[in-house]
Amino acid sequence: MHGTLLLYSSAYGLSKQICERIQASLAQRGQRADVAPLVGCTVDPQAYDALVIGASIKHGKHHPSVLEFIRANKDPLESRPSALFSVNLVARKPAKNTPQTNPYLKRLVAQSPWKPKLQAVFAGELDYSRYGPIDKHMMRLVMWINRGPTDFGTKVQFTDWDAVERFAGQVAQLAGGAEAAGQRADALAA
Ligand SMILES: Cc1cc2nc3c(=O)[nH]c(=O)nc-3n(C[C@H](O)[C@H](O)[C@H](O)COP(=O)(O)O)c2cc1C
């Protein structure tokens, strides 16, 4: 077994960065972790002791591949320690930044046959300069509706990296036990 697999679905790279931060945090604790894209995933989740999925919101939705992946891999997700996090801008509001209060994560979990015990929501970033003309205007509309920044010069990251670190600690706890059990099983099989 290969430790923890962190799969990201990311349009602009922040969910990937969060996975990499968790990977680094696990490495500091002596735990192995790999980071890979969920969309078009070529890695076998069965080869890992623990699984984490991190996905961002674009135009009100997680990428459809996220739910497809969960449905196709329900067994490995359920049979090992696993966790899910969502990245979105609605989560910049304190009233909407927990798994119980964030509408996107709640909807994904409601649709998912896998009900991860460990869940998190992280506020994302807003950088109009990186978006194409359509996304830029759509995003401004979303921000206007949500009373967020509408100036095209806005570049702001709302992510609470301390919260990411705390989540990484929780992942480390659940992955640590599974990794040790996997190593014992490997040793017995050798
Ligand atoms: C085109 C576009 C549409 C977005 N739509 C939403 C949205 O509907 N709701 C929301 O909360 N955040 C929305 N966001 C914010 C993203 O979730 C946020 O920028 C996040 O950091 C993106 O993470 P990623 O880089 O991993 O894709 C949108 C971002 C972009 C660029």
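Colleague: How many C-beta neighbours does His137 have inside 10 Å, and how is it classed?

Modeller: His137 has 13 C-beta neighbours inside 10 Å, so it counts as partly exposed. The cut-offs are 20 or more for buried and 12 or fewer for exposed. Keep in mind that this is a predicted model.

Colleague: Where does His137 sit along the chain, and what separates it from Phe152?

Modeller: His137 belongs to helix H5. Phe152 is 15 residues apart from it along the chain, and 9.1 Å lies between the two C-alpha atoms.

Colleague: Let's zoom out. Into which domains is the chain divided?

Modeller: Domain 1 consists of 4–124 + 159–189, and domain 2 of 125–157. Their centres, taken over C-alpha atoms, are 26 Å apart. At the boundary, seven residues of domain 1 are in contact with seven residues of domain 2. On the side of domain 1 that touches domain 2, there are four nonpolar and three polar residues, and no charged ones.

Colleague: And where does the ligand lie relative to the domains?

Modeller: To read that, see which domains contribute to the shell around it. Here both domain 1 and domain 2 give residues to the shell, so the ligand lies between them.

Colleague: Which residues come nearest to the ligand?

Modeller: Of 23 residues around it, the nearest are Ser10, Tyr12, Ser15, Ser56 and Gly124. Two or more shell residues come from each of helix H1 (14–28), strand S3 (50–58), strand S5 (82–88), strand S7 (125–127) and helix H5 (133–145). Helix H5, where we found His137, gives the largest share, four residues. By type, the shell has twelve nonpolar, eight polar and three charged residues.

Colleague: S5 is on that list. Why is S5 described as largely enclosed?

Modeller: Count the buried residues along the strand. In S5, seven of the seven are buried, so the strand is largely enclosed by the rest of the structure. You can also read the strand face by face: Ser82, Leu84, Ser86 and Asn88 are buried on one side, and Ala83, Phe85 and Val87 are buried on the other.

Colleague: How many bridges join S5 to strand S6, and do the two run parallel or antiparallel?

Modeller: For pairing, look at the bridges and the direction. S5 and S6 (residues 118–123) run parallel and are joined by six bridges. Val87, for instance, stands opposite Phe122 in S6.

Colleague: What about S3 and S5?

Modeller: That pair is parallel too, over six bridges.

How values were computed:
Residues are numbered from 1 along each chain as its sequence is written. This is a predicted model: local features need pLDDT of at least 70, side-chain atom pairs count only at pLDDT 80 or more; totals for chains, interfaces and linings use all residues. Domain bounds come from an automatic or database domain assignment. Two residues are in contact if their C-beta atoms, placed from the backbone, lie within 7 Å. Ala, Val, Leu, Ile, Met, Phe, Trp, Tyr, Cys and Pro count as nonpolar, Asp, Glu, Lys and Arg as charged, and the others, Gly among them, as polar. A residue is near a molecule or strand if its C-beta atom, placed from the backbone, lies within 6 Å of it. Two strands pair if DSSP finds at least two bridges between them.
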